[in-house]
Amino acid sequence: MNERDHKAGFSLTRKILEENRKAGYEHGYSVGYNKAVDDTIKSIKEEYAFTILEEEKIDEIAERLKGAKQNEDFK
């Protein structure tokens, strides 16, 4: 392996590692965001008295928030 091949291999490895780091960060961010939504909804339900229909609507809003975040493009 000559020096040029060695540099190309290092560059490819660095690129793969960077892509893996970014994917891990984005996954972690998504998981943390969804947990924050769940925790917020749980707190709201504990704080206020709701009918079953109102709770279902709150759950629907939570799912829409999580879905909107998952569909967002990370750059």
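**Exposure of the starting residue.** I began with aspartate 39, which counts as partly exposed at 38% relative accessibility. For the cut-offs, I noted that buried means under 20% relative accessible area, exposed means over 50%, and partly exposed lies in between (1.4 Å probe, protein chains only).

**Ground rules.** This is a predicted model, so I noted that local features need pLDDT of at least 70, side-chain atom pairs count only at pLDDT 80 or more, and totals for chains, interfaces and linings use all residues. Residues are numbered from 1 along each chain as its sequence is written, and side-chain values use heavy atoms, with hydrogens and water left out.

**Overall layout.** I looked up the secondary structure and found 2 helices and 0 strands. Both terms refer to DSSP runs, numbered from the N terminus: helices are H or I with at least four residues, strands are E with at least two. Of the 75 residues of the chain, 12% count as buried.

**Salt bridges.** How many salt bridges does a search of the whole structure find? I got 6. The term means a side-chain nitrogen of Lys or Arg within 4 Å of a carboxyl oxygen of Asp or Glu. The general idea is friendly enough: side chains of opposite charge can pair when their charged atoms come close.

**First pair.** Aspartate 39 pairs with lysine 35, and their closest N and O atoms are 2.9 Å apart. Why this pair? The two are 4 residues apart in helix H1 (residues 3–47), so about one helical turn separates them. Lysine 35 is partly exposed too, at 49% relative accessible area.

**Second pair.** Next I checked aspartate 38, which forms a salt bridge with lysine 66, with 2.7 Å between the closest N and O atoms. This pair links distant parts of the chain, since aspartate 38 sits in helix H1 and lysine 66 in helix H2 (residues 52–71), 28 residues apart. Is lysine 66 buried or exposed? Lysine 66 counts as buried, at 11% relative accessibility, while aspartate 38 is partly exposed at 37%. I also found that Asp38, Glu63 and Lys66 are linked in a network of salt bridges.

**Third pair.** Aspartate 59 forms a salt bridge with lysine 45, the closest N and O atoms being 2.5 Å apart. Here again distant parts of the chain are linked: aspartate 59 is in helix H2 and lysine 45 in helix H1, 14 residues apart. Aspartate 59 is partly exposed at 33%, and lysine 45 is partly exposed at 23%.
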